[in-house]
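Below are some notes for a colleague who has not seen this structure before. Please read them with the sequence and model at hand.

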Amino acid sequence: MVGIELKGAFRGETRRSLRSGFGVYQYLNPFFRYEGTWHEGKKHGFGKLIFADGSYYQGEFANNEIMGQGTRYFASSRNTYTGHFYYGEMDGHGRLKMGNDDCYEGDFKSNHFEGEGSYLSHDKQLYTGTWHNHRRHGYGEQTYLDGSRYSGDWITNKRHGFGKLTDAQDGFIIYEGSWKNDLMHGEGTYNLGESYTYRNGMIINNYPIGWPFRLYINENQTSTLILTEEPIIITVDIIDSSENNTRVEADCGRLIRLRCGQQTDQPTSDSLPTPFGFHVNLIPRSTNPISFDDQLVSASNEEMNMSERNQPIQDSMLAAADNGRAQFIGININTFVMQRASSSASSGSQQLTQSASTSSSQPTSARSNRRKDKLRMQSFVFIIDDITDPVPFNKSLDAVYLPVQCSTTNMTQ
C-alpha cells in the first residue's frame with residue numbers, strides 16, 4: 001500500500017520506502033497538496049500545505065501536525081495570520097491581518113483572541129489591553145474615531161466597571177467614574193469643555209439621576225421682582241424637582257444668562273415669543289450708567305443719536321453657576337437702558353408719551369415725575385436661561401420669566 005502511494009502521489013526523497021527529506025505529496029482528496037520536508041513518512045520541518053480554494057499554510061510542521069511558527073491564509077475571508085500554531089490552531093503570539101484591513105496582534109488561544117493584544121480597525125480605532133474569548137475583557141484602552149480615549153475596565157466587549165473617557169485634542173477628562181453595559185452608570189464626574197462639570201454625582205444610563213433639572217429663582221422671593229436704586233442680588237439655583245426641589249450641587253459651571261425685555265402686544269421680527277402669550281423686546285445692558293433722572297429725561301428726547309438707536313442688543317449679563325447656583329450681583333434700575341423700551345411700549349404708555357411731549361414747557365422736575373410714572377407702568381420682564389454650549393447631556397434647562405416692577409420710592413423728588 002505504501003509503495004503504491006509513493007509511486008502514484010508522491011514525488012521526492014525517500015528512505016527505507018518512507019517519505020524522508022523534501023517531497024511533494026498530492027492527497028487522495030485533490031483539495032489538499034503538500035510540498036516540504038518529511039521525516040519517517042510524516043510532514044516534519046518546514047513546508048507548505050495548499051488548498052484548492054487558494055488558502056494555504058506555510059511554516060513549521062511536527063509529526064504530521066501544523067505546529068510552531070507559520071503563516072495561514074484564508075481565501076474566503078482574505079485573512080492572514082502569522083504567528084504560533086498548536087495542532088493546526090492559532091495559539092500563542094501572532095498577528096492576524098483581516099480582509100477588511102482590521103488587524104489584531106497579541107495572544108491567541110484555540111483560534112481566539114486571549115490574553116494581551118492590540119486591535120487596530122481599518123478606520124484607525126485602536127484597542128490595547130486584555131482579551132477573553134475573542135472579546136475585550138479586563139483592563140484596556142480604546143481610542144475612538146473622533147480621537148477620544150477610554151481607559152478602564154471591560155466585560156465582554158463593553159465598558160463596565162471603573163474607567164475614564166479623555167478628550168482627543170486637549171487631553172482633559174470628559175468622564176471619570178463607574179460604567180455599566182457601555183454606559184456611564186454610577187458615581188462619576190462629567191466634564192464638558194472648560195465650562196461645565198457634573199462633579200461626583202450619580203449618573204444612570206449616561207444621564208444624571210433625577211434628570212431633567214430646572215432653574216429656580218430666589219427661594220423666598222415673591223413672584224414679581226421690585227427693582228429699585230438699591231442694588232439687589234438675583235440668585236438662580238439648579239434644582240432636582242424629583243428630590244423635593246433640592247439644589248443639584250454636583251452641577252457646576254453651567255452658563256446662565258440674564259436679559260431684560262419689555263412686554264409688547266405689537267411684536268416685530270426681532271421680538272422674542274414667550275410661553276405666556278406675549279412677546280418681549282430686549283433691552284440692552286447699560287454700558288455707561290447714568291442717573292435715573294437723566295435716563296428719564298433722555299427717554300423724552302426724540303432727537304436721540306441714530307447710532308445709539310441702532311446699537312445692537314447685547315446679552316444683559318452672564319454668570320457661571322458654581323455648585324448648582326448662579327448669582328447676578330448689583331442689579332438695579334440703571335443696569336439696563338430702560339429708555340429704549342419707550343418706542344415699543346403698550347398703547348397706554350404711548351398715550352403717556354404723547355401727553356409728555358405736549359407739556360414740554362413744564363419744569364424739568366415735573367417732566368421727570370411723569371417719566372417715572374410712565375416707567376412704573378411699563379411691563380418689564382427678566383429672561384433667565386441656560387446657554388451652556390455644548391449642551392450638557394443634550395438637554396438645556398427651560399427658561400424662567402421673572403416679571404419686574406421699577407420702584408422710585410427711595411428716590412429724591
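How many bridges join β13 to strand β14, and do they run parallel or antiparallel? Six bridges join β13 to β14 (residues 158-166), and the two run antiparallel.

1. Basis. This is a predicted model, in which local features need pLDDT of at least 70 and side-chain atom pairs count only at pLDDT 80 or more, while totals for chains, interfaces and linings use all residues. Residues are numbered from 1 along each chain as its sequence is written, and side-chain values use heavy atoms, with hydrogens and water left out.

2. Overall make-up. The protein chain holds five helices and 30 strands (DSSP runs numbered from the N terminus: helices are H or I with at least four residues, strands are E with at least two). Of its 413 residues, 40% are buried (buried is under 20% relative accessible area, exposed over 50%, partly exposed in between, with a 1.4 Å probe and protein chains only).

3. Strand β12 (residues 135-143) runs antiparallel to β13 (residues 149-155), joined by six bridges (strands pair if DSSP finds at least two bridges between them). Gln 142 has Tyr 150 in β13 as its bridge partner. Five residues separate β12 and β13 in their hairpin, and Gly 147 in the turn has a positive phi of about 95 degrees. The hairpin of β13 and β14 has two residues between the strands, with Thr 156 at a positive phi near 45 degrees. Ile 155 stands opposite Lys 158 in β14.

4. Ser 55. Is Ser 55 buried or exposed? Ser 55 is buried, because its relative accessible area is 6%. This residue sits in the loop between β4 (42-51) and β5 (56-62). Leaving aside residues up to four places away in sequence, Ser 55 touches Leu 49, Ile 50, Arg 72, Tyr 73, Phe 74 and Ala 75 (a contact means heavy atoms within 4.5 Å).

5. Glu 65. Strand β6 (residues 65-74) contains Glu 65, which counts as partly exposed at 33% relative accessibility. Beyond residues up to four places away in sequence, Glu 65 touches Glu 60 and Tyr 87. Lys 43 is 22 residues from Glu 65 in sequence, and their C-alpha atoms are 7.2 Å apart.

6. Ile 209. The loop between β18 (207-208) and β19 (214-217) contains Ile 209. With a relative accessible area of 43%, Ile 209 is partly exposed.
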